[in-house]
Amino acid sequence: MIKEYLDPPTKLTKALEDDHLINFTTWFNHWYPDVYWFHVPNENGGTAGKQYFLRQQAKGLRKGVADIVILHRGRNGEPFGVIEMKRETKKLSTPVSKEQVECLSAVSAQGGFAAVAYGFHCAKLAVIDFLGPSTIIVK
């Protein structure tokens, strides 16, 4: 099952996906410091151009791989989890691609946690749903 986390804020920030990922990184590293995770940079090369993208593909880059990979057992027994990050609303975001659905479906078929999160806030909700609340104590 692919879970979707969509809770548009009352006031949009119009932040880019990169901004949401940077905020997510800070939050995740603070609240879940012992959990091994990473971001998969699988964008199309952008300003680097077609040659860069073709070289990355030759090295194994796959379109549609989720943005966030969490190598930790979930609280419901999932062996690992992935989150595809989007901007805050569907209107601001690119649609979930066929390749992204294939990746998320493959993760789910292996018993993993698979989610699409619209914005930083929803990515936090997905993590809490997957891993449970943080056990860090704020002093």
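Exposed, as used here, means over 50% relative accessible area, buried means under 20%, and partly exposed is in between (1.4 Å probe, protein chains only). At 59% relative accessibility, Lys98 counts as exposed.

Some ground rules: this is a predicted model, where local features need pLDDT of at least 70 and side-chain atom pairs count only at pLDDT 80 or more, while totals for chains, interfaces and linings use all residues. Residues are numbered from 1 along each chain as its sequence is written, and side-chain values use heavy atoms, with hydrogens and water left out.

**Salt bridges**

There are five salt bridges in the structure, each being a side-chain nitrogen of Lys or Arg within 4 Å of a carboxyl oxygen of Asp or Glu. Here are some of them:

| Pair | Closest N to O |
|---|---|
| Lys86 and Glu84 | 4.0 Å |
| Glu102 and Lys98 | 3.8 Å |

Helices (H or I, at least four residues) and strands (E, at least two) are DSSP runs, numbered from the N terminus. Arg75 sits in the loop between E3 and E4 and Asp129 in helix H4, so their bridge ties together parts that are 54 residues apart in sequence. Lys3 is linked with Arg75 and Asp129 in a network of salt bridges. Glu102 and Lys98 are about one helical turn apart because they are four residues apart in helix H3 (residues 98-109). Glu102 is partly exposed at 47%, whereas Lys86 and Glu84 are buried.

**Nonpolar cores**

A nonpolar core is a set of buried Ala, Val, Leu, Ile, Met, Phe, Trp, Tyr and Cys residues joined through side-chain atoms within 4.5 Å. The largest one has 21 residues, and among those with the most contacts inside it are Phe24, Ile68 and Val127. H1, strand E3 (68-70), strand E4 (81-86), strand E5 (113-118) and helix H4 (120-131) each supply at least two of its residues, with the largest share, six residues, coming from H4. Leaving out residues up to four places away in sequence, Phe24 touches Trp37, Ile68, Met85, Phe120, Ala123 and Val127, a contact being heavy atoms within 4.5 Å. A second, separate core of ten residues includes Val40, Cys103, Ala114 and Val116.

**Cysteines**

A search of the whole structure turns up zero disulfides, that is, pairs of cysteine sulfur atoms within 2.5 Å. Cys103 is buried at 18% relative accessible area, and Cys122 is buried at 1%.
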